[in-house]
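Subject: Structure handover

Hello,

Here is the structure you were going to take over. My notes on it follow below.

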Amino acid sequence: MESYTEFEEKWADALAKFLTKYFGTLQFLIITLAFIFLWIILNLGIIPGLKPFDLSPFNWLVTIVQLFPLFYLS
């Protein structure tokens, strides 16, 4: 008979399962593409009255996108 502690799921395990399940969905892909598209539109300076915060070549965006594989590897 296995003990109760062997069945108890730790919060880190539950989070890992959720993230693994969510990052592989079409919904996540659509949200990611929308985020990137919105970031580029906001920073091209084509919206009057809005000052770009990450000028081309979008260094902050590149940094954020480069962090994505960390989620896939964990």
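A residue counts as buried when its relative accessible area is under 20%, as exposed when that area is over 50%, and as partly exposed in between. F58 has a relative accessibility of 12%, so it is classed as buried. Please keep in mind that this is a predicted model.

Confidence

The mean pLDDT of the protein is 83, and 82% of its residues reach 70 or more. Confidence is lowest in helix α1 (residues 4-7), where the mean is 55. It is highest in α3, with a mean of 92.

The loop between α3 and α4

F58 sits in the loop between α3 and α4. Its phi is positive, about 60°, although F58 is not a glycine. P57 belongs to the loop between α3 and α4 (59-73) as well. The peptide bond that leads from S56 to P57 is cis, and its omega is near 15°. For context, most residues other than glycine have a negative phi, and most peptide bonds are trans.

Helix α3

T32 is located in helix α3, which covers residues 26-43. With a relative accessibility of 12%, T32 falls under the 20% cut-off and is therefore buried. A polar atom of the T32 side chain lies 2.8 Å from the backbone oxygen of F28. F28 is itself buried, at a relative accessible area of 14%.

L33 is also part of helix α3. Together with L26, L29 and I30, L33 makes a nonpolar surface patch of about 400 Å².

Aromatic contacts

How many aromatic pairs does a search of the whole structure find? The search returns five. One of them joins Y22 and F28: the arrangement is edge-to-face, with 5.6 Å from centre to centre and 75° between the planes. On the Y22 side of this pair, the relative accessibility is 23%, so Y22 counts as partly exposed. F28, at 14%, is buried.

Regards

Definitions and conventions:
Residues numbered from 1 in each chain as written. Predicted model: local features only at pLDDT ≥ 70, side-chain atom pairs only at ≥ 80, totals over all residues. Heavy atoms only, no water. Helix = DSSP H or I, 4+ residues; strand = E, 2+ residues; numbered from the N terminus. Buried < 20%, exposed > 50% of the residue type's maximum accessible area, 1.4 Å probe, protein only. Polar contact = N/O pair within 3.5 Å; in protein donor to acceptor, adjacent residues only side chain to side chain. Phe/Tyr/Trp six-rings, centres within 6.5 Å; stacked < 30°, edge-to-face > 60°. Patch = residues over 30% accessible without salt bridge, like charges linked within 9 Å, V, L, I, M, F, W, Y side chains within 5 Å. Areas by Shrake-Rupley, 256 points an atom, 1.4 Å probe, with all protein chains shown as cover. Salt bridge = Lys/Arg side-chain N within 4 Å of Asp/Glu carboxyl O. pLDDT = per-residue confidence, 0-100.
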